[in-house]
Amino acid sequence: MLAKKIFIIVPSATLESPVKGAIALANEIVKSFPVTFVTIKKGNSNLKLLNKNVKFIELYEKGNLVKRLFFLRKLISNEGGKSSVVSISFCLSADFINSFFSNVALTFSSIRGNLPKVYENNFGWIGKWIAYFHLKRLKKIDYVISMTDSMSMMVESFIFKKSPVIGNFVDEASLEQCRRKVENNKEYRFVYSGSLVLGKQPELIVSAMSEILQKDIKTRLDIFGDGPLINDLKRLTKELKLDNIVFFHGYVLNPFTEISKADVMLIPSLSEGVSRAALEALYLGVPCVMRDVDGNSELITSGINGELFDDSKDLAKVMLDTAIFSRKHKLFQKILTPAIFRQVLASNKFINIIESH
């Protein structure tokens, strides 16, 4: 059998969640195959997290989107064709380009969320049409990978073929050095990491902190991220007199050392694929409180690695109960990630499919 050559395609060199997932995959698969990491558009990061053995190509200097597509197609064709080349894409623009490669490479797409909900939350009513276009275009790709069973069912209803489930995962080696070594024994610490947008519901966390404070319980919330709600959240914090317990850090490239100091990670989003922020926290021993939507029940098990909630009114109580549980059982010393979302196991599922061709 010829050695496979792997191309991983992402929209740009930015350390956003899908790109981090692609990097984690590249760093693991490069142990078995030569990997080339391709970005379509110009980004703002040099992707230092990439393993030094992964080749890195930026297409933005090759001209318009059509020219970039043909350049990459020729590059892949010259590597030996479908029998020896694999092309894996993440996100809409990368999937669009990859959908033209199925006769020159074994093609994969990795779907990161509930696309109809995500696009509608981000773009309003037109987001439904973007999601429809994206999902229909995926029919041209050989393997469309989903991260959860619920996501797989949604994808299959559009592409009319099986969507294998391979859990999302993080680059565990880079996180391990950030693990907390000592117990928390002062205020209960909560953390939020993500975009400050309506769909993520960060305002609920600030309100919940006010409820906890009214119980005369010492607490603290650290918010990592930026977005259109930042000023509204700061205003709400001031109105609720939480200036001394809610801290806004803005966008931080690697907040993991600070995240590891928390008792609980908070993710009240209205829709989630498999949250990278949750996976990062769980690996560091920080349990997660998440809304019971999409595939979150496949990630979080009550009384083990966090809690799910349905009603926003319950959030403050669930937060506090989880923080108490976290300290009682010294969860910071453990890896709380379910096995199906561990890096080696998930990447090996990709490898098994690749090696079967």
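I take axes as lines fitted to C-alpha atoms, for helices over the stretch in contact, with angles from 0 to 180 degrees between N-to-C directions. Helices are DSSP runs (H or I, at least four residues), numbered from the N terminus. This is a predicted model, where local features need pLDDT of at least 70 and side-chain atom pairs count only at pLDDT 80 or more, while totals for chains, interfaces and linings use all residues. Residues are numbered from 1 along each chain, and side-chain values use heavy atoms, without hydrogens and water.

**Entry: H8 and H12**

I looked up H8 against helix H12 (residues 315-328): their axes come within 8 Å and cross at roughly 70°. That makes the two roughly perpendicular (65 to 115 degrees). I listed the contact (heavy atoms within 4.5 Å). Leu204, Ile205, Ala208, Met209, Glu211 and Ile212 of H8 meet Leu315, Ala316 and Met319 of H12. By class I found eight nonpolar, no polar and one charged residues.

**Entry: H8 and H9**

Next I took H8 (residues 202-214) with H9 (residues 230-239). Their axes come within 10 Å and cross at roughly 10°. H8 and H9 are therefore roughly parallel (under 35 degrees). From H8, Pro202, Glu203, Val206 and Ser207 make the contact, and from H9, Leu233, Leu236 and Thr237. I noted four nonpolar, two polar and one charged.

**Entry: salt bridges**

I found 15 salt bridges in the structure (a side-chain nitrogen of Lys or Arg within 4 Å of a carboxyl oxygen of Asp or Glu). Glu280 pairs with Lys20 in one of them, the closest N and O atoms being 3.7 Å apart. Glu280 lies in helix H11 (residues 276-283) and Lys20 in helix H1 (residues 17-29), so the pair ties together parts 260 residues apart in sequence.

Notes: Angles under 35 degrees count as roughly parallel, over 145 as roughly antiparallel, 65 to 115 as roughly perpendicular and the rest as oblique. Ala, Val, Leu, Ile, Met, Phe, Trp, Tyr, Cys and Pro count as nonpolar, Asp, Glu, Lys and Arg as charged, and the others, Gly among them, as polar.
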